[in-house]
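Subject: Structure handover

Hi,

Here is the structure we talked about. Please open it alongside this email; my notes follow below.

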Amino acid sequence: MAVIKANAYGHGLVAVARALESTDAFAVARVDEGLTLRLAGINTPTVLLEGVFDREQLDAAAGANFELVVHTPEQIELLRNAAAGVRFKVWLKLDSGMNRLGFKGAAFGAAHAALSTLGSVQPPVNLFTHSRPRISRNCPTTSEQLALFAAATGSLPGERSLENSAAM
């Protein structure tokens, strides 16, 4: 998955997406970035890293067939109230130590259980975390985050996505 948020880090969202057309998926931060790709004719699977924050964004995401990261209880409620027949591929975010977005501890398990019951969520719920910036695989913090992710997700089905570029 190629992360091209923030105008592809200043390099031009559409130009970079076209240069990386063989990628399995793109990740952008917000709905408007994803819609820019769709308007340019780029239909590669696209993940919204911030998810959606209101019904208008949810409806736009459904219309563009975006995948959603879920990191707040409010986003679960939006999905609970999604239009009939709408189904999203969802990535549930575990806060494994970056302390920016995601569910911690028991709240992660509860969020997974809630999402697993929703008709608007395409099973299985996929699993996601993000390592702290500027750390390497040999850093103890990275090992701790990987262990926490494994413990929280080990028995759950679904795809997994983790780590930032430096950690990888």
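In what sense do S4 and strand S5 (residues 90-93) pair, and over how many bridges? The pairing is parallel, and three bridges make it up. Keep in mind throughout that this is a predicted model.

**The strands**

Start with S4, residues 67-70. Glu67 and Val69 point to one side of this strand. Leu68 and Val70 point to the other. All four are buried.

S5 in turn is joined to S6 by three bridges, and the two strands run parallel. Lys93 has Phe128 as its bridge partner in S6. Between these strands the chain passes through H6, and this β-α-β crossover is right-handed.

**The other crossovers**

S3, helix H4 (residues 55-63) and S4 form a right-handed β-α-β unit. S4, helix H5 (residues 73-80) and S5 form another β-α-β unit, also right-handed.

**Phe128**

Have a look at this residue. Phe128 sits in strand S6 (residues 126-128). Is it buried or exposed? Its relative accessibility is 9%, so Phe128 counts as buried, the cut-off being under 20%.

Its contacts reach across the sequence. Phe128 touches Leu49, Val69, Trp91, Leu92, Lys93, Leu94, Phe149 and Ser161, leaving aside residues up to four places away in sequence. Take Val69 as one of these. Phe128 and Val69 are 59 residues apart in sequence, yet their C-alpha atoms are 8.1 Å apart in space.

**H5 against H6**

Two packed helices are described by the angle and the distance between their axes. For H5 and helix H6 (residues 105-116), the axes come within 10 Å and cross at roughly 10°. Angles under 35 degrees count as roughly parallel, so H5 and H6 are roughly parallel to each other.

Which residues meet in this contact? From H5 they are Ile76, Leu79 and Arg80. From H6 they are Ala111, Ala114 and Leu115. By class, the contact has five nonpolar residues, one charged and no polar.

**Backbone points to check**

- Pro123 and Pro124 are joined by a cis peptide bond, with omega about -5°. Pro124 is in the loop between H6 and S6.
- Ala6 has a positive phi of about 55° and is not a glycine. Ala6 lies in helix H1 (residues 5-10). With a relative accessible area of 45%, Ala6 is partly exposed.
- Tyr9 is not a glycine either, and its phi is positive at about 55°. Tyr9 is also placed in helix H1.

Best wishes

Definitions and conventions:
Residues are numbered from 1 along each chain as its sequence is written. This is a predicted model: local features need pLDDT of at least 70, side-chain atom pairs count only at pLDDT 80 or more; totals for chains, interfaces and linings use all residues. Side-chain values use heavy atoms; hydrogens and water are left out. Buried means under 20% relative accessible area, exposed over 50%, partly exposed in between (1.4 Å probe, protein chains only). A crossover is right-handed if, with the strands pointing away from the viewer, the path from the first strand over the helix to the second runs clockwise. Two strands pair if DSSP finds at least two bridges between them. Contact means heavy atoms within 4.5 Å. Axes are lines fitted to C-alpha atoms, for helices over the stretch in contact, and angles run from 0 to 180 degrees between N-to-C directions. Angles under 35 degrees count as roughly parallel, over 145 as roughly antiparallel, 65 to 115 as roughly perpendicular and the rest as oblique. Ala, Val, Leu, Ile, Met, Phe, Trp, Tyr, Cys and Pro count as nonpolar, Asp, Glu, Lys and Arg as charged, and the others, Gly among them, as polar.
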